[in-house]
Structure formats: C-alpha cells, structure tokens
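Please examine the sequence and the model shown below. The paragraphs that follow lead through selected parts of the structure.

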Amino acid sequence: MMGGSDKELLGGEQDLWYPFPPSKQPKLIPPIVLAYIGDALYEVAVRQYLISKANLRPHHLHRSATKMVSAKAQSKIVTHLDAILTDDERDVVRQGRNAKSGSVPKNADVLEYRHATAFEALIGYLYYTKQSARMDELIELSIKYIDEQS
C-alpha cells in the first residue's frame, strides 16, 4: 500500500452507523457479505416503518415484518426497482443474483432466494459506498411497494 491509512482508503466511517468500517473496499467485498449487512439494514428499516404505524402489538409487528423481508417479497422488489437502477447498481444486483450461498431457505425457491440476495447485496453496497440518500430512497420505494401489494 502506498501512503494513507486503511481508514482513509476506505473513506473513513462518518456515514456508517457504527465506527467499524469494512476490511476491504466495497467493490472488493463479496456479494454474499454485502447481502449479509444489507439484510440487516433492510430489516431495521422495515421494523422502523412498522413501528410508525398504529398497530404496535408485537405478534402483529413480527408477522408483518416477516412478510416484508421474505425472499418472495425481496424478489418482487428487485424486479420492481430494475427500471430505476443505475448501471453500477444493476451490476451489483447481477453479482448478488449470481453469488453462490450454499443454502436456500425452506420457505423460498432458488430463483426467489437469488433475487432476494441481489436486493440485499445492493442495499449493503449502497451502505458501504456511503450512498445513504440513494439507499434510503430505494428502501422507501421498496417498503411502499411491498406494503401496497399486501
């Protein structure tokens, strides 16, 4: 490495939720790893959205959240968002869709699971590239879309 700390090379951590920047530049993080953080970020957004609604019974919150973060829902979301994605975002989605995770959940078919992984990878990528406004925009569109479907 030539000059500069890892923190400088990775852009610091000012836009991350916590002061733990990734060990690699976002473009070098495997799509499955981006999906890992993207899944958590999206789930927090969904939970916050549900808590903004009137019905705050824990069981209802859990059932609603489960429907919105399911592989089936995320598969629909990534298809719905395709028309507004940039070329870079489509590339991340393609890489996420083609990534091999080694397992498929019991409640999703392989195609849905791969599309859901692609969506989660996109959210993780936007987070680690500090495109928080774009991440927020896509998450908001996603939540509204899935909420209208139910």
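Lys 144 counts as partly exposed because its relative accessibility is 44%, a class lying between buried (under 20% relative accessible area) and exposed (over 50%), with a 1.4 Å probe and protein chains only. Lys 144 belongs to helix H7, residues 132-149; helices here are DSSP runs of H or I with at least four residues, numbered from the N terminus. The C-alpha atoms of Lys 144 and Leu 126 are 19 Å apart in space, with a separation of 18 residues in sequence.

The model is predicted: local features need pLDDT of at least 70, side-chain atom pairs count only at pLDDT 80 or more, and totals for chains, interfaces and linings use all residues. Residues are numbered from 1 along each chain as its sequence is written, and side-chain values use heavy atoms, leaving out hydrogens and water.

Helix H6 is mostly covered, with 15 of its 19 residues buried. From first C-alpha to last, H6 reaches 27 Å, close to the expected 27 Å, a span calculated as 1.5 Å times one less than the number of residues. Lys 130, which follows H6, has a positive phi near 60 degrees.

Helix H4 (residues 71-81) packs against H6 (residues 110-128) at about 65 degrees, with the axes 7 Å apart; these axes are lines fitted to C-alpha atoms over the stretch in contact, and angles run from 0 to 180 degrees between N-to-C directions.

Note on methods: Helices (H or I, at least four residues) and strands (E, at least two) are DSSP runs, numbered from the N terminus.
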